Structures are given as structure tokens and as C-alpha cells.
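I opened a new structure today.

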Amino acid sequence: MQNAPVKLLNSLKQETVRKFCFGPVPSRRLGRSLGIDILPKKTCNLNCIYCEIGEGTNYVTSPNEYYPVNEIIQEIDSIIESNIPFDILTFTASGEPTLYSKLGELILFAKKKTPKPVAALTNATLFHLEEVRNQLSNADILLPSLDAAREETFRKLNRPAASVILKDIISGLKEIRKSFKGLIWLEVLLVKGINDSEEEIQALKKVIDEINPHKIQLNTIVRPPAVIWAKPVSMERLHEIRDYLGYNAEIIVDFRPKSIILRDDIKANDILEVLKRRPMRFYDIESIFALDKHKLMSILDELSDNKKIDSRIHNNEVFYFNKGDYDQ
Ligand code: SF4
């Protein structure tokens, strides 16, 4: 008779591994979000101190077709055909999605394939390029980031490649706001002692008013960051900043899952795939998969015994992460 870890490893081998699609996962902003991760790990031109993927070692600054576009299209096609319930299809990446040179083709395919809205998460660093703005033009919602309005703070917080300049990001955001037909929800991630002072917020407000996004979404560090010294701002400070920024600002930190993915065929690989994208607490995973606590505990124990996952403490909470994909 096989022991439990051997049985688990065998079952992992038999499961179909999705290479690009993950979830649906409950998203703070988007409901049940079916994620499409289109890049190899940490393909990015920034190395933000709060990055959940971990520390980067090499910057990537030029768009490329990192995986064959047809391979991604086939997987999107088959997952939509499987009738899995979701509210929105979100292009995201283990890095910056606009560094995928055929993102426009993928968005167009998704728009034709499903009536559900299509969104893209982005660090906005390439918005000053007309070609990149065109690639995004068929999406319904763009979720760009802008954490600082001063170059010095931007460099300290987002640690960009040498070629990435804050003024290009700001001008690209203004440009896309004029041409893009859908919604732009601008995320500002606040880190204690870095971009939360009066001076920083005043400078940000001036620039954000000029960009005029449909929403301003304030966030802070809720999961283990790339650098251990990066700390979240308090809820009290977030409320002050929200009130100062105006009527279209909201706080998106207080995450509660908006929906539960009820599936009776949850496998260890489904949990590994979700953990590959971001570290999660026990109750996050429990909420996503609606699994019995004891069953989830035993899957996590076995994944841990088999060195597939590990855990790390952040803000006095235990986060699990996929050992193969996250730096410690
Ligand atoms: S948080 Fe996003 S933009 Fe920043 S380094 Fe990580 S992947 Fe790149």
C-alpha cells in the first residue's frame, strides 16, 4: 500500500496543470476573477519593495512573445469552454503584462470568446508608447499603478530599471485616459514612511487630478513583501488620505472574499496554482475553494511535507507560498 505522500505525488502528476489560467479567485476589486498569467516569473521593469513575487534579479524592459500566443489562446479557449463560473477575465502576470508583445491579440480573443468584462493589471510604465496603448484598447477596465509623484520616491519604492522614468509614466497615464474607452481604476499602494507623508500625498493628488482616473484605489502591504522592512500604513492614515484625495478615492485593503468558488473536484494542484501567483493565508485558501478545514489542513500538510509549499510570517499571520515559485 502506498503511503500518503507518494499517493499525493502520483495524483499531482496525473492532474492537468494549467500553465496560464488560474482561479477564479475572489478579487478585492473584481469579484470572481479568472486570471491569465502571461509571463515567466518576475518579468518586470520594476522591482517594487512590496512585490509579492519576491526580489527580482534581472530587469526586463522590452516587450516580447515570451510564450507562443497560440498556446495561451488555446488555454483561454478551453477554460471558457469548460463553463467555469467567473465574473471577469483578468490579464495579469508574474511581472508586467504589457511586456508581453501580443497582449492586444489575447485581449481581442478574450473579448470575442466571452461576454464577461476583460481587465488588465499593469504598472503603467509603458503607457507612453502608442503601441502599448493600442494593445490595451479593447479591454474594459485597466488597473494601472502609480505610487509616487516624485522621482526620488518612485526610485526608492518601485526600484525601476534605469530606462523607466516617472515623468513618462505620468504622461502615458494622461494620454491613455484620453484615448481609452473603458474604465481606469488607478491603484496607489502606500508604504509606511516612504510615500505616506503630507508632502508625498499632496504631490500625488496634483498628478492624479491631472490624470483624472475613474477611481483611485488605495492599498497597502497585506501580504509578505519583497523586502522585509516594508511596512503597511495604518487604516487611520488610509482613511485620512482617502478623504484628502476626493470623492472617487476608495480603500481596497479590507479584503473580504466577495464570492466563493464552489467546486467539488479541488485538487492539490489547484491550490498550488493559486499559491504560485501570491502568498495566501489559510482562510484565504479556504474561502476560495470552500474546502472543509480538516481536508484543507491535510492537503497543506502533505504539500508541505513534499516541499511543494512553505510558510512565512507577515504581520503576525501565516502565509503559504508555492516553494517552486517564490523567493523567501
Ligand atoms: S509589484 Fe508588479 S510592478 Fe512591482 S515589481 Fe512586482 S510585478 Fe513588477
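**Helix α5**

I began with α5, residues 151-158, and found Thr-153, Phe-154, Leu-157 and Asn-158 buried. Buried here means 20 or more other C-beta atoms within 10 Å of the residue's own, exposed means 12 or fewer, and partly exposed lies in between; the C-beta atoms are placed from the backbone. The four span an arc of only 100° around the axis, which puts them on the same side of α5. That arc is taken over the directions from the helix axis to the C-beta atoms. I then checked the face turned away from the buried side, and it carries the exposed residues Glu-151 and Glu-152.

What covers the buried residues of α5? The cover includes α6 and α7. After α5 comes Arg-159, with a positive phi near 40°.

**Ground rules**

I noted that this is a predicted model: local features need pLDDT of at least 70, side-chain atom pairs count only at pLDDT 80 or more, and totals for chains, interfaces and linings use all residues. Residues are numbered from 1 along each chain as its sequence is written. Helices (H or I, at least four residues) and strands (E, at least two) are DSSP runs, numbered from the N terminus.

**Helix α7**

Next I looked up α7, residues 198-211. Its 14 residues reach 20 Å from first C-alpha to last, close to the 20 Å expected at 1.5 Å a residue. The expected span is 1.5 Å times one less than the number of residues.

Which residues of α7 are buried? I listed Ile-201, Leu-204, Ile-208 and Ile-211. An α-helix has 3.6 residues a turn, so residues three or four places apart point the same way.

The face turned away from the buried side of α7 carries exposed Glu-198, Glu-199, Gln-202, Lys-206 and Asp-209. Covering its buried residues are, among others, α6 (166-179), β6 (183-190), β7 (215-220) and α8 (235-245). Asn-212 follows α7, and its phi is positive, near 60°.

**Whole protein**

I counted 11 helices and 10 strands. Of the 328 residues, 44% are buried. Among contacts between residues at least 6 apart in sequence, 76% join residues at least 24 apart. A contact means C-beta atoms, placed from the backbone, within 7 Å.

**Ligand**

Last, I listed what surrounds the ligand: Cys-44, Leu-46, Asn-47, Cys-48, Cys-51, Ile-53, Gly-95, Glu-96 and Asn-123. Each has its C-beta atom, placed from the backbone, within 6 Å of the ligand.

Methods: Contact = placed C-beta atoms within 7 Å.
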